[in-house]
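Dear colleague,

Please find below the sequence and structure that I am handing over to you. My notes on what was found follow directly after them.

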Amino acid sequence: MCNPRRVEVTATRAIVEAWEREVRRVASRTGTVHGEVRIRQSLAASLGAPALAALERALDAGDLAWREVPEGYRYAIDGGYALYSPDDRSLTIVATQSEEVVGRGEAERRLSGRVEAELSARGMGAYYDDGYNGRTRAAADVEARAAAQVALDAAARARVTQAASDAEAAVRAEVEAQAARAAEADFEARAAERRAELQRQVEGRADRVFAEARRAFHALLARAYRDALLAMARHRGAQGISVHEDGDVLEIEFELPR
């Protein structure tokens with residue numbers, strides 16, 4: 001027995017095949033919506049310069065409840081916050097509520113087409129001159145033709161798949177943009193609905209937030225007055241200094257020398 005001989009067959013096929021493909025994309029748009037009610041009060045006219053100076057000294061001292069932020073000093077409240085601005089000496093109180101909203105959209109495009117092509121493929125077979133183990137020239141020819149047909153089938157599938165993929169790639173960006181627009185429209189509709197509801201909720205509790213913020217600010221202002229009065233009393237040599245706090249009531253007693 002010697003080395004096998006090879007047979008190569010080239011087969012051709014004309015194909016006309018239709019294809020269909022569905023291109024579908026899903027998009028989402030996430031954002032935060034707010035309901036808000038705010039009031040602003042200028043303190044320059046209602047508080048004298050010494051009181052405002054004492055207030056700002058108290059804030060600078062690092063009151064833990066009033067956190068320094070770029071806009072001034074902020075006091076957090078359940079459902080809102082108060083903000084004192086040293087720049088214009090104003091107090092802003094905000095009742096607010098936020099909620100995350102998600103909009104979703106999808107788009108699809110049905111594509112179809114037809115592939116017309118002339119394909120060729122090669123197949124190989126092997127045989128022995130003595131027909132060892134049934135490996136005759138005739139058997140090798142059959143093997144080669146069968147291999148060529150398998151290769152043609154694969155080439156036809158690849159050609160159709162490539163045509164469909166090229167068509168999908170051509171519309172992919174447009175379908176994605178359409179899905180994104182649908183998600184944006186859904187988000188805007190949901191956001192408008194939730195924003196209106198949040199606004200109603202905030203307006204319903206704004207008075208409570210405003211009252212709590214004013215109490216916190218007045219407590220801060222009272223401490224500022226206390227510290228300013230005590231500093232003045234000590235500077236003037238006052239005797240019998242006593243401080244008594246009972247809830248919202250602050251009493252300071254001292255005697256100045258005659």
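In which sense do S4 and strand S5 (residues 90-127) pair, and over how many bridges? They pair in the antiparallel sense, over six bridges. Two strands are said to pair if DSSP finds at least two bridges between them. Strands (E, at least two residues) and helices (H or I, at least four) are DSSP runs, numbered from the N terminus.

Please note that this is a predicted model, in which local features need pLDDT of at least 70 and side-chain atom pairs count only at pLDDT 80 or more, while totals for chains, interfaces and linings use all residues. Residues are numbered from 1 along each chain as its sequence is written, and side-chain values use heavy atoms, with hydrogens and water left out.

The strand S4 and its partners

Gly80 in S4 is the bridge partner of Ile77. The hairpin of S3 and S4 has two residues between the strands, and here Gly79 takes a positive phi near 95°.

Strand S4 covers residues 80-85, and six of the six are buried, so it is largely enclosed by the rest of the structure. Buried means under 20% relative accessible area, exposed means over 50%, and partly exposed lies in between (1.4 Å probe, protein chains only). In a regular strand, side chains alternate between the two faces of the sheet. In S4, Gly80, Ala82 and Tyr84 point one way, while Tyr81, Leu83 and Ser85 point the other way.

Aromatic rings and charges

Tyr84 also belongs to an aromatic cluster with Trp66, Tyr75 and Phe217. A search of the whole structure finds four aromatic pairs. The rings of Tyr128 and Tyr132 have centres 5.6 Å apart and planes at 85°, so this pair is edge-to-face. Rings of Phe, Tyr and Trp (its six-membered ring) pair if their centres lie within 6.5 Å; planes under 30 degrees apart count as stacked, over 60 as edge-to-face and the rest as tilted.

Yours sincerely
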